[in-house]
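Subject: Structure handover

Hi,

Here is the structure for you to open. Please have it on screen while you read the notes.

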Amino acid sequence: MRRKRLLSILCALVAAIAMVAQEPATPIKYETMIVRLAEIEVYPEYLEEYLAYANEVDRLSVEREEGVICLFPMQCAEDSTTIRILEIYASEDAYQRHLKTDHFLRYKQGTLHMVKNLKLPTMQPLDPEAMKLIFRKLE
């Protein structure tokens with residue numbers, strides 16, 4: 001009986017820690033967010049290798065970096081060498097920290113010769129409040 005109770009308490013504690021870990025330590029302000037839509041054209045002979053790098057850096061960045069809200073890579077259905085990555089950072093500071101991480105530097109150095117063209121336009125969200133609704137639907 002005591003073992004069951006201890007196990008229940010342990011499970012509750014793990015669940016509580018998991019919930020706290022999902023909450024950002026500092027609230028995100030829409031006024032300071034950086035939103036980019038990276039436009040990348042990859043040389044066809046490097047496509048599979050590039051995709052592996054991109055998927056890894058995007059996943060690790062979102063998992064490990066508090067200030068990285070979203071890195072969502074997409075491949076154009078009409079031209080597989082055309083990649084778009086929706087990038088959302090909590091602030092300019094979060095973006096600058098991201099650029100210095102080991103996983104980003106590994107991606108950047110590993111893919112430099114694979115990228116034919118790169119544009120990083122900064123976007124202005126038309127309705128920043130709508131982001132709350134979008135991400136809530138994914139829960």
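This is a predicted model: local features need pLDDT of at least 70, side-chain atom pairs count only at pLDDT 80 or more; totals for chains, interfaces and linings use all residues.

**The pocket**

Start with the second largest pocket. Its volume is about 290 Å³. Its lining is made up of 19 residues. To find the centre, look for E87, F104, Y107, K108 and L120, which lie nearest to it.

Which element gives the most? That is α4, with four residues.

What classes of residue make up the lining? There are 14 nonpolar residues, two polar and three charged.

**The residue**

Now go to E65. You will find E65 in the loop between α2 and β2 (68-75). Is E65 buried or exposed? Its relative accessible area is 10%, and buried means under 20%, so E65 is buried.

What does E65 touch? Leaving out residues up to four places away in sequence, the contacts are L60, R97, H98, T101 and H103.

Two of these partners have further values. In sequence, H98 is 33 residues from E65. In space, the two are 7.4 Å apart, C-alpha to C-alpha. With H103, the link is between side chains: E65 makes a polar contact there, at 2.7 Å.

Best wishes

Note on methods. Residues are numbered from 1 along each chain as its sequence is written. Side-chain values use heavy atoms; hydrogens and water are left out. On a 1 Å grid over the protein atoms alone, a cavity is a set of points where a 1.4 Å probe fits but cannot get out, and a pocket is an open set with protein on both sides within 12 Å along at least five of seven lines; lining residues have an atom within 4 Å of a point. Grid points are joined across faces, edges and corners, and a volume is the space filled by probe spheres set on the points. Helices (H or I, at least four residues) and strands (E, at least two) are DSSP runs, numbered from the N terminus. Ala, Val, Leu, Ile, Met, Phe, Trp, Tyr, Cys and Pro count as nonpolar, Asp, Glu, Lys and Arg as charged, and the others, Gly among them, as polar. Buried means under 20% relative accessible area, exposed over 50%, partly exposed in between (1.4 Å probe, protein chains only). Contact means heavy atoms within 4.5 Å. A polar contact is a pair of N or O atoms within 3.5 Å; within protein, one must be able to donate a hydrogen and the other to accept it, and residues adjacent in sequence count only if both atoms are side-chain atoms.
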